[in-house]
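Dear colleague,

Please find below the structure that I am handing over to you. My notes on it follow directly after.

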Amino acid sequence: MFFSVDCILTRGSSLSRLVEERLGLSGASSVHETRATDAARWSGIPENALHTQLAGLPMIPGIAETTQWCWSSGLVPIVSSLTWTPIGAHLAERFGFHSYAGRCLDARNGRFTGQAGRPQTPADQVEFVRRRADDLGVAPHGCAAVGACPTDGPLFGSVGLAIAFNAPSEVSALATTSVEGDDLRAVIPELQRLTASRV
């Protein structure tokens, strides 16, 4: 069960953009827009400053409850992201996700060095789904994804159930179904279709 990070923020927000604006970073504003981010902008930023800003971001209600429902229903909730891995790691620890993807951002002695792995692309999301599904002994078509932005199209195409959550029409057109709501638990009725198919 893959959750794209931007679907767990309040409507119309980009997680990477919000974090970078709050940290006072300049340059490329979002990996979702540019498909590349200048890691050098992060040089010297304390790791705990990132976590402080993430803790204060406007997250949509029901994230922890939805991940708990997944676990209790035999689904493994995973963060699928093109953003920095420290962001995915924070969300996984905070809300109970199994694991996460993203672009590596090097840190030493509690500060980011400005060095990073190669930029992540939508194709990398597809490969992440394939590898993680294989690790868990599930075929990709037996998985689901919840997403909200155009770069989630390949993610949607790699799973059996794709749910566009508070997404623009062009993203909804790529999904199996579309859900609107002010709480992430609004996607649970659709996810029940996946659990029902396994009975």
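How much accessible surface does the protein chain have, and what share of it belongs to carbon and sulfur atoms? The accessible surface comes to about 8600 Å², and 50% of it belongs to carbon and sulfur atoms (Shrake-Rupley method, 1.4 Å probe).

Please note that this is a predicted model, in which local features need pLDDT of at least 70, side-chain atom pairs count only at pLDDT 80 or more, and totals for chains, interfaces and linings use all residues. Residues are numbered from 1 along each chain as its sequence is written, and side-chain values use heavy atoms, with hydrogens and water left out.

The protein chain holds 9 helices and 7 strands (DSSP runs numbered from the N terminus: H or I of at least four residues for helices, E of at least two for strands). Of its 199 residues, 53% are buried (under 20% relative accessible area, 1.4 Å probe, protein chains only).

An open sheet is formed by 5 strands in the order S2-S1-S5-S6-S7, with parallel pairing (strands pair if DSSP finds at least two bridges between them). Its edge strands, S2 and S7 (177–179), each pair on one side only. Within the sheet, 4 bridges join S5 (residues 144–147) to S6 (residues 161–165); Ala145 has Ala162 in S6 as its bridge partner.

Helix H5 (residues 85–95) is mostly covered, with 8 of its 11 residues buried. Among them are Ile87, Leu91 and Phe95. Just after H5, Gly96 adopts a positive phi of about 90 degrees.

With kind regards

Conventions
Buried < 20%, exposed > 50% of the residue type's maximum accessible area, 1.4 Å probe, protein only.
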